[in-house]
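Please keep the sequence and the three-dimensional view at hand while reading.

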Amino acid sequence: MRMGLVAALMVLAAVLLVPTYFGGKPEGWPDFLPGPIRLGLDLQGGTHLVYTVDVDKAISNHLERAAEDLKNEAKSEQIGLSSVTTQGGMVTAQLSDPAKRDALEKVISERFPNLSLVTEGDSSAVRTKMTPASIREIRDGALDQSLEIIRNRVDQFGVAEPIVQRQGAQDILVQLPGIQDPERAKALIGKTAALEFKLVAKDGDSANPGLITVAGRELDRATGRVTRTEYKLEPRTLMGGDIISNARPRPATQLDAPYVEVDLNARGAKIFEDVTGANVGRRLAIMLDGVVQSAPVIQERIGGGRARITGSFDFKEARDLALVLRTGALPAPVHAAEERTVGPSLGKDSIRQGIISFVVGGALVVVFMIVYYKVAGVLADFALVLNVLFLLAVLAALGATLTLPGIAGMVLTLGMAVDANVLINERMREEMRLGKTARAVIEAGYERALPAILDSNVTTFLSGIILFQFGSGPVKGFAVTLCIGLVTTVFTAVVATRVVYDYLLSQRRLQNVSV
C-alpha cells in the first residue's frame, strides 16, 4: 500500500509540474489544475516601493473637520464664536461672549468625545485637543485604509502576484513583479485623488476676502493649448469624492478631449442636481488634489446621477484618473520612501546562478553519498531527487511564489534531507556491527533514527512558522519553502526509502545491507 502511495504521488507531482516545464499551461490543460510555479520580484524583475503614510496630515485633517463641526454645533446652540482656529494640534474657539464658556464646554464634552478640554488660557477662549486614544485610532485607521486603497489600485493595475503589506509603524511595502515602469506605478499608487466640487466666485465678488485662490489649468478647445491660471473659489466644498460610485475614461471626440465620466451614488445625484439647479449660469470648479481640473459653466439642472470631469488629459491620464477615483481617495498623502527596480535580465541572472549553485551543490552531495554509503547512498540520492520533485509540485499546487530566498530555503531543505538519511544509515551501520540480519538492521536503523529526525525537523518547522508569521515578503518566501521542504523531507527519507527496502526484502533480493 505504501508503495502504491509513493508511486501515485510521484505521478501526481510530475503532472503538476508539466506547466512549469513548458513555461505555461499546455493547450487543453484542465482549469482545476495549477499553472506554472510563479516567480517573485527578484527572479522575474519588477518594481519595489516603500511608501510612508503621512499620518500627521490625517490627524490634521481630522482636527480641521472637528473645528468645522464645532463651529456648526455652537451656531445651533446660539453660542457666538468670533473665530475657530486650529494650530499646534489644538482647536481654539474664541467666544464672542465669555459668559457662554460653560455652555460651549458642555457641548464639547457631550458631542465631541475625541476632544479633551485644555484648561489654561484666557477666559474668552476654549481650547481643546485630540485625546491620545483618538490620535492612535486615526493613525491606525489611516494606515489600514491606505493599505486597502493601495491594494485595490494595484489589483486594478493588473499585476500578477503583487505584494502589498504593512511594514513598520507607518510604511507600506509594495512589490510589483513584471512592472518596469516605476514612475507610472508611483503616479497611480501615490495619487491622493481628493475630489472636490466648489463654485467659482461671481465676477463682482473677486475682491471678497473670504474667497480662496486655487491654481488650475484651462484648455483652449479650439487650439488644444493648455494654460495655467488661477481661480477664485468659494471656500465651501459642495461635494467630495465619496459621492462617486463608478468612473470610466472616455476617448476624445471631435468636440471633446478625453475625459472621465463618473456615476454618482443616490446621495451624490441628489446633491448634484440641487447644486446645478440652484447655480445655472455659474462655473463649477472640479478640483483634484487641490488643483482645478476644469470649471465648466452650468447650463442647466443636471439630473440622472452622471457627471464628467474634463481637463487637459490624454487618454492614458484619463484612464489612470478613473482608476484612482474608482478605488477611493487616500485618507492622507503617501510619500515614496524607497524605490528599487529589478530588471528582467538581473532576474534571469539570479535564476541561472541559483540553478547553478543548486545543481553543483546537489551533485557534490550525490557523489559523496554514493562514495561513502554505497547502495544506501544511492537510495538516499533517490530520496533527495524525490524530495525536490515533491517540493516543487507542492509549490505549484499551492500557487506559491518562488523567490531567491525561496531557493535558499530549498538548498537548506536538501541539507536537512541528507542529514536525515545520514542518521538512518549510521544507525544501520551500528546494527550491522552487531551481526544482525538485513531485515533487523533496516528495522532497527529506521526505528532508532526516527526520533532524532522528527526532533530536528519539527523544531526547524516551528521556526519556519514563526518566520512566516512575523517576517516580511522575502522572509516569508524562505519560510514557505523551508516548511514545505521539511514535510517532504520526512516523507521521502522515512517512508519512500523504507518502501524500497521493504520491496527488496519481500522479493528476497536483499541479503546484506550495503551501507
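How many residues does helix α1 have, and how far does it reach from its first C-alpha to its last?

## Basis of the report

This is a predicted model, in which local features need pLDDT of at least 70 and side-chain atom pairs count only at pLDDT 80 or more, while totals for chains, interfaces and linings use all residues. Residues are numbered from 1 along each chain as its sequence is written, and side-chain values use heavy atoms, with hydrogens and water left out.

## Helix α1

Helix α1, residues 2–16, has 15 residues and reaches 21 Å from its first C-alpha to its last. This is close to the 21 Å expected at 1.5 Å a residue, where the expected span is 1.5 Å times one less than the number of residues. Helices (H or I, at least four residues) and strands (E, at least two) are DSSP runs, numbered from the N terminus.

Val 6, Ala 13 and Leu 16 of α1 are buried. Seen down the axis of α1, the buried residues fall within an arc of 90°, so they line one face of the helix. The arc is that of the directions from the helix axis to the C-beta atoms. Buried means under 20% relative accessible area, exposed over 50%, and partly exposed in between (1.4 Å probe, protein chains only).

## Strand β8 and its partners

Strand β8 (residues 171–177) has six of its seven residues buried, so it is largely enclosed by the rest of the structure. Two strands pair if DSSP finds at least two bridges between them. Strand β2 (residues 46–53) runs antiparallel to β8 and is joined to it by seven bridges; here Thr 52 has Asp 171 as its bridge partner.

Strand β7 (residues 163–167) also pairs with β8 in the antiparallel sense, over five bridges, and Ile 163 has Gln 175 as its partner. The hairpin of β7 and β8 has three residues between the strands, and Gly 168 takes a positive phi near 75° in it.

Six bridges connect strand β3 (residues 81–87) with strand β4 (residues 90–95) in the antiparallel sense, and Leu 81 stands opposite Leu 95. Their hairpin has two residues between the strands, and Gly 88 takes a positive phi near 60° there.

Gln 94 stands opposite Ala 125 in β6.

On a 1 Å grid over the protein atoms alone, a cavity is a set of points where a 1.4 Å probe fits but cannot get out, and a pocket is an open set with protein on both sides within 12 Å along at least five of seven lines; lining residues have an atom within 4 Å of a point. Grid points are joined across faces, edges and corners, and a volume is the space filled by probe spheres set on the points.

The largest pocket holds about 1100 Å³ of space. Its lining comprises 31 residues, of which Arg 65, Ala 194, Leu 195, Glu 196 and Gly 240 lie nearest the centre. Helix α4 gives the most to this lining, with eight residues. A search of the whole structure finds one cavity of 30 Å³ or more, and the largest cavity has a volume of about 50 Å³. Its lining includes Ala 376, Asn 421 and Tyr 501.
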